[in-house]
Amino acid sequence: MKAVLSKETGGPETLVVEDIDEPTPGKGEVLVKVAACAINFPDTLIIRDMYQFKPPRPFAPGGEISGTIEALGEGVTGFAVGDRVMCGVGNGGLQEKVAVAAARLFKVPEGIDLVKASALLMTYGTTIHGLKDRGDIKEGETVLVLGAAGGVGLSAVELAKAYGCRVVAAVSTEEKGEVAKKHGADEVVIYPRAPFDKDTSKQLANDFKAAVGPDGADIVYDIVGGDYSEPALRAIAWEGRFLVIGFPAGIAKMPLNLTLLKSCDIRGVFWGAFTAREPERNQKNIEELFDLWKAGKIDPLVSETYPIERAHEAIAKLENRGAIGKLVVVME
């Protein structure tokens, strides 16, 4: 079977497509014939040895898949050959078949496309955990989303609207702003490309304040980090919640005096650890996502698909912050 392999540390250009042996499901595992593998920011890091997990080489990147069960390992119950499923695998998703623990699988309801299903778990799973479990989101609040046109960003726009909030989408281009509006954003702020000098940072803070309104943003959903974080923190509401999701623009250095002046919280959102520590709560969140999807309140945007031979192009595009919505590698 074909697999995209990282055989040396480096960027997307170091990845190769090779034939490898088909895996055999062990005890408690199933063999999934992969239909699609969504590309996420950790894929850009793991091949450079910059992610918190460093699998031994050679390995296939790709942490989020959908597909069909082809075989069951010993002791597996609750699933059958032919079931349509999705799961997070950490890495190894960019290959035609994957052996994965049955406990990590979620059944994909009928009527939901497998390619789109591959784009749900990591982005919307992160965001429902962030907004509900870490952000204590409430109807009528204002949510400022940084990086609002990417996969995680659009999930935050859609879910915040589904929970009855006003959403301000912060993006880097007019095109991305239009996409965010189509997915429910009430206001859009176009920010410049970092690095920022003091005047640019102050101006962006003023732009955020004007967009969120005089009371500030009850929740800041920060997917970007770097120079963008402090201006957003300056626009937060009294007792607001600043949610730390990721750092494609770098790890921010935040002036803690602002947390005192606003009596606000900075809260980390580590969905991967949450799924391991509290699988039952995560299961309920995923079930809620499917209910929202069937109700038409969320709809993952897959903007581009790639064959397995071009998976490196998808990772490169995401790394260069050129992606809108999700990029997905399809196996057929």
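A charge sits over a ring if NZ of Lys or CZ of Arg is within 6 Å of the ring centre and within 35 degrees of the ring normal. Here, the charged end of Lys107 does that with Phe79, at 5.4 Å from the ring's centre. Keep in mind that this is a predicted model, where local features need pLDDT of at least 70, side-chain atom pairs count only at pLDDT 80 or more, and totals for chains, interfaces and linings use all residues. Residues are numbered from 1 along each chain as its sequence is written, and side-chain values use heavy atoms, leaving out hydrogens and water.

Now for the aromatics. Rings of Phe, Tyr and Trp (its six-membered ring) pair if their centres lie within 6.5 Å; planes under 30 degrees apart are stacked, over 60 edge-to-face, and the rest tilted. There are four such pairs in the structure. Tyr191 and Tyr228 make a tilted one, with 4.7 Å between centres and 55° between planes. Phe196 and Tyr228 have centres 5.0 Å apart and planes at 75°, so their pair is edge-to-face. Tyr191, Phe196 and Tyr228 together form one aromatic cluster.

How buried is Tyr228? Its relative accessible area is 1%, and Phe196 is buried as well, at 14%. (Buried means under 20% relative accessible area, exposed over 50%, partly exposed in between, with a 1.4 Å probe and protein chains only.)

Finally, look at Ile298. Leaving aside neighbours within four places in sequence, Ile298 is in contact (heavy atoms within 4.5 Å) with several residues, including Leu120, Tyr124, Leu159 and Trp293.
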